[in-house]
Amino acid sequence: MSQLPHPRTGDLFSSPVPPGSGWPGDPAEASTPVAKTAAQVRRLAARAATVDELDGQISVCRACPRLVAWREEVAVAKRKSFADQPYWGRPAPGFGAEQPGIFIVGLAPAANGANRTGRVFTGDRSGDFLFAALHRAGLANQAVCVDAADGMRLIDTRMAAAVRCAPPANAPTPAERATCAAWLQAEWRLVGPSVRVVIALGGFAWRAALELIGSKIKPAPKFGHGATATLTSAFGPVTLLGCFHPSQQNTFTGRLTEAMLDDIFVTAKLLGNARAGNEHGG
């Protein structure tokens, strides 16, 4: 299999990238257990004891044959503008703080974004829009997010996709969503104790977050940009905050502007600080 240089490090990689071969930020090793069925996903997710262990297992998952075939097909065929680069071609694990106050939930990686770079929301225009806003809000150390070796660091914030593989037409099936939900539940089990605000990017992420938190509110709170719901999780109260997804369809048409996204992150910080103050008697 031919190899190409990573655009930043210059190291040579095959597409898809084998685990443990030195890709920047790769959480897996060649020996990391690989889930090949939904039952194996549930079993490994339930046993993961640390965020690093979970991220590694997510990054090598092969439980959904259609998604595996698509992500690897894209990694070989590639977009013309990235034809000289290796593609990650594997699931995108979560990224950011291991004890976050803010947890951002999206839908799925982009075929030529995270599926290429190996880091969620990295390498496409949606990510450019999102990370720039995080930086303006003081939740990221830099505005530019290009690849997994660019030095990006999130502050008191973590992000993850409800579905970890790039799906054809950006549309995972119900079965694929259900299989991948166990990974998100495990991530919540590990990072949820510190989370005060969950930001849902889009209606699907909103529904996934409600399920994740374990909301029993009936009727279920409705998604909307700026919508909030105060919920009780296994770890205590948490605020769910809705935000239009930073897709090009939304940002190019003005449905989601920079100011609107800035408002979401300012609100998240205010809600998080208020909740933290209440927890400490402030």
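Contact is taken here to mean heavy atoms within 4.5 Å. In this predicted model, and with neighbours within four places in sequence left aside, Phe265 is in contact with Ile104, Leu130, Ala133, Leu134, Ala137, Leu139 and Ile199. Phe265 also belongs to the largest nonpolar core, a set of 31 residues in which Phe265, Phe131, Leu134, Met159 and Ile199 are those with the most contacts inside the core. Two or more residues of this core come from each of strand 4 (102-106), helix 5 (125-136), strand 5 (157-161), strand 6 (197-201), strand 8 (236-243) and helix 9 (258-279), and the greatest contribution is that of helix 5, which gives five residues. Another core, of 27 residues, lies apart from the largest one and includes Val163, Val191, Trp206 and Leu210.

Helix 5 also takes part in the lining of the largest pocket, to which helix 5, helix 7 (203-213) and helix 8 (248-253) each supply at least two residues. The volume of this pocket is about 820 Å³, and among its 37 lining residues the closest to the pocket centre are Ala110, Ser126, Asn170, His245 and Ser247. Of these, His245 is placed in the loop between strand 8 and helix 8. With a relative accessible area of 19%, His245 falls under the 20% cut-off and is therefore classed as buried. When residues up to four places away in sequence are not counted, His245 touches Phe121, Ser126, Leu201, Gly202, Asn250 and Leu256; Ser126, like His245, is one of the residues closest to the centre of the largest pocket.

Aromatic contacts were examined over the whole structure, and the search finds six aromatic pairs. One of them is formed by Trp23 and Trp88, whose arrangement is tilted, with 6.1 Å centre to centre and 45° between the planes. Because Trp23 lies in the loop between strand 2 (12-13) and helix 1 (38-47), whereas Trp88 lies in the loop between helix 3 (65-77) and strand 3 (95-96), the pair ties together parts that are 65 residues apart in sequence. Both Trp23 and Trp88 are buried, and together with Phe13 they form one aromatic cluster.

Charged side chains are also placed over aromatic rings. The charged end of Arg90 sits over the ring of Trp88, at 4.0 Å from the ring centre, so that Trp88, within the cut-off of 6 Å that defines such an arrangement, has a charge over its ring. Arg116, in turn, lies over the face of Phe82, 3.6 Å from the centre of that ring.

Terms used
Residues numbered from 1 in each chain as written. Predicted model: local features only at pLDDT ≥ 70, side-chain atom pairs only at ≥ 80, totals over all residues. Heavy atoms only, no water. Phe/Tyr/Trp six-rings, centres within 6.5 Å; stacked < 30°, edge-to-face > 60°. Helix = DSSP H or I, 4+ residues; strand = E, 2+ residues; numbered from the N terminus. Buried < 20%, exposed > 50% of the residue type's maximum accessible area, 1.4 Å probe, protein only. Lys NZ or Arg CZ within 6 Å of the ring centre and 35° of its normal. Core = buried A, V, L, I, M, F, W, Y, C linked by side-chain atoms within 4.5 Å. 1 Å grid on protein atoms, 1.4 Å probe; cavity = no way out; pocket = protein on both sides within 12 Å on 5 of 7 lines; lining within 4 Å. Points joined across faces, edges and corners; volume = space filled by probe spheres on them.
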